[in-house]
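Trainee: I would like a close look at one part of this model, the aromatic residues and what surrounds them.

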Amino acid sequence: MVRQEGKKMKSQEPVAGTRIVLLFVSLAAFSFFSSGCGLGSYCSKLFTSDIVVYVQSDADANEDSAVQLDFILAYSKEVEESLKKLSAAQWLGYSAQFQRDYNAGTDYGLWSYQLVPGTDVPPVHIPLSMASRVLIVFAGYQGEGAHRYLSSTWNNLRIRLEKRTFTVTELP
């Protein structure tokens, strides 16, 4: 029988510090991917920022009538899917039932304003969370049209309420 002599092999078990690092990285990755924050989103902004919306209301906005302006931040895919195809008129007819069906703060965030044409509007701050999926803006105009805007870029917005519609500009 031949006996081999050689160097002793090092233990294959990782040291405790390595286990802690691996656990931390695993938890961070799980948290990141389970939050709905995909690679196409601007995840870094979600840690510390709000979306700031600057609203300018023309003197003849909505044919000289008040404009209902609603901002809905969807936190779940179900809420996102249920709202992103609605027009503003449909949303305004459905919003009371929607608020009964879903949990504010868990499923969505809602910021609602009734704006008089020609008035100065202070900036609207919409706080983001890691669960934020899409921001949907509905403007209650009298005329035909969807009067809806969707954004998942998390950029600040400038909204101009005009005579028959509204325009949105994403700011850098």
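Trainee: Which residues form one aromatic cluster?

Mentor: Trp-91, Tyr-94, Phe-98, Tyr-102, Tyr-108 and Phe-138 do. Before going on, note that the model is predicted: local features need pLDDT of at least 70, side-chain atom pairs need 80 or more, and totals for chains, interfaces and linings use all residues. Numbering starts from 1 along each chain as its sequence is written, and side-chain values use heavy atoms, without hydrogens or water.

Across the whole structure, a search finds seven aromatic pairs (ring centres within 6.5 Å, with the six-membered ring for Trp; planes under 30 degrees apart are stacked, over 60 edge-to-face, the rest tilted). Take Phe-71 and Tyr-113. Their ring centres lie 6.2 Å apart and their planes meet at 75 degrees, so this pair is edge-to-face. The pair links distant parts of the chain. Phe-71 sits in strand 2 (residues 67–74) and Tyr-113 in strand 3 (residues 108–115), 42 residues apart. Strands here are DSSP E runs of at least two residues, numbered from the N terminus. Phe-71 is buried, at 0% relative accessibility, whereas Tyr-113 is partly exposed, at 29% (buried is under 20%, exposed over 50%, partly exposed in between, with a 1.4 Å probe and protein chains only).

Phe-71 also belongs to the largest nonpolar core, which has 25 residues (buried Ala, Val, Leu, Ile, Met, Phe, Trp, Tyr and Cys joined through side-chain atoms within 4.5 Å). Phe-71 is among the residues with the most contacts inside this core, as are Val-53, Ile-126, Leu-135, Ile-159 and Leu-161. Elements giving two or more residues include strand 1 (50–57), strand 5 (134–140) and strand 7 (156–161). The largest share, four residues, comes from strand 2. A second, separate core of 13 residues includes Leu-83, Leu-86, Tyr-108 and Phe-138. Tyr-108 and Phe-138 are also members of the aromatic cluster.

Now look at Val-53. Neighbours within four places in sequence aside, Val-53 contacts Phe-71, Pro-123, Val-124, Ile-126, Leu-157 and Ile-159 (heavy atoms within 4.5 Å).

Strand 1 and strand 7 run parallel, joined by five bridges. One example is Tyr-54, whose bridge partner in strand 7 is Arg-158. Both strands belong to an open, four-stranded sheet with mixed pairing and the order 4-1-7-8 (two strands pair if DSSP finds at least two bridges between them). Strand 4 and strand 8 are its edges, each pairing on one side only.
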